[in-house]
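User: I have a new model open and would like to go through it with you. Can we start with the overall picture and then go to the side chains?

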Amino acid sequence: QVQLVESGGGLVQAGGSLRLSCAASGRTFSSYAMGWFRQAPGKEREFVAAISWSGGSTYYADSVKGRFTISRDNAKNTVYLQMNSLKPEDTAVYYCADSDYDVPGDYWGQGTQVTVSS
């Protein structure tokens, strides 16, 4: 069992940066591949980025490639999403979850709102 809590969202101007964190509880966190997903108003939830259990492999949606970086610190039970060059279309609620590349698993956080103003 893993419980996830996201933080770090907020309001930022286009071109700005934010770093999201996903803190996990549970001793088995380091055995899970993890991902970030987002849902914009009126749209379906979509994949953003994923990272292997070791952190050695990462995978990104084309829309964020080159701008976002996913990382993890298993000693701190935390996954991060560094978001640079933010665009208004990045506005969404961002969720972390266990995942198999772009397929989410069973464990989800409550989400954190990211709003990018133009």
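Analyst: The radius of gyration of the protein is 13 Å, and a compact globule with 118 residues would come near 13 Å, so the two agree. Bear in mind that this is a predicted model.

User: What does the C-alpha trace span along its principal axes?

Analyst: The spans are about 40 × 25 × 25 Å.

User: How many helices and strands in the secondary structure?

Analyst: There are zero helices and eleven strands. The pattern along the sequence is β-β-β-β-β-β-β-β-β-β-β.

User: And what share of the residues counts as buried?

Analyst: Of the 118 residues, 42% are buried. The accessible surface is about 6200 Å², and carbon and sulfur atoms hold 46% of that.

User: What part of the contacts comes from residues 24 or more positions apart?

Analyst: Such pairs make up 55% of the contacts with a separation of 6 or more.

User: Switching to cysteines. How many disulfides?

Analyst: The count is one disulfide. Cys22 and Cys96 form it, with 2.0 Å between their sulfur atoms. Cys22 sits in strand β3 (residues 18-25) and Cys96 in strand β9 (residues 92-100), so the link ties together parts that are 74 residues apart in sequence.

User: Which hand does the link of Cys22 and Cys96 have?

Analyst: The link is right-handed, with 55° about the S-S bond.

User: Are Cys22 and Cys96 buried or exposed?

Analyst: Cys22 is buried at a relative accessible area of 0%. Cys96 is buried too, with a relative accessibility of 0%.

User: OK, salt bridges. How many?

Analyst: The count is four salt bridges. As background, side chains of opposite charge can pair when their charged atoms come close.

User: Which residue does Arg38 form a salt bridge with?

Analyst: Arg38 pairs with Glu46, and their closest N and O atoms are 2.6 Å apart. Arg38 is buried, at 6% relative accessibility, while Glu46 is partly exposed at 35%.

User: And Arg67, what is its salt-bridge partner?

Analyst: Arg67 forms a salt bridge with Asp90, the closest N and O atoms being 2.8 Å apart. Arg67 is in the loop between β6 (58-60) and β7, and Asp90 is in the loop between β8 (78-83) and β9, so this pair ties together parts that are 23 residues apart in sequence. Both Arg67 and Asp90 are buried.

User: Which backbone oxygens lie by polar atoms of the Arg72 side chain?

Analyst: One is the backbone oxygen of Tyr32, 2.7 Å from a polar atom of the Arg72 side chain. Another is the backbone oxygen of Trp53, 3.5 Å from a polar atom of that side chain.

User: Last one, Thr112. Which strand is it in?

Analyst: Thr112 is in strand β11 (residues 112-117). Thr112 is buried, at a relative accessible area of 10%.

User: What does the side chain of Thr112 reach?

Analyst: The side chain of Thr112 reaches the backbone nitrogen of Gly9, at 3.1 Å.

User: And which residues does Thr112 touch, leaving out those up to four places away in sequence?

Analyst: Thr112 touches Glu6, Ser7, Gly8, Gly9, Leu20, Ala92, Val93 and Tyr94.

Key:
Residues are numbered from 1 along each chain as its sequence is written. This is a predicted model: local features need pLDDT of at least 70, side-chain atom pairs count only at pLDDT 80 or more; totals for chains, interfaces and linings use all residues. Side-chain values use heavy atoms; hydrogens and water are left out. A disulfide is a pair of cysteine sulfur atoms within 2.5 Å. Helices (H or I, at least four residues) and strands (E, at least two) are DSSP runs, numbered from the N terminus. Buried means under 20% relative accessible area, exposed over 50%, partly exposed in between (1.4 Å probe, protein chains only). A polar contact is a pair of N or O atoms within 3.5 Å; within protein, one must be able to donate a hydrogen and the other to accept it, and residues adjacent in sequence count only if both atoms are side-chain atoms. Contact means heavy atoms within 4.5 Å. A salt bridge is a side-chain nitrogen of Lys or Arg within 4 Å of a carboxyl oxygen of Asp or Glu. The radius of gyration is taken over C-alpha atoms; the globule rule is 2.2 Å times the number of residues to the power 0.38. Accessible areas come from the Shrake-Rupley method with a 1.4 Å probe; for residues, only the protein chains shown count as cover.
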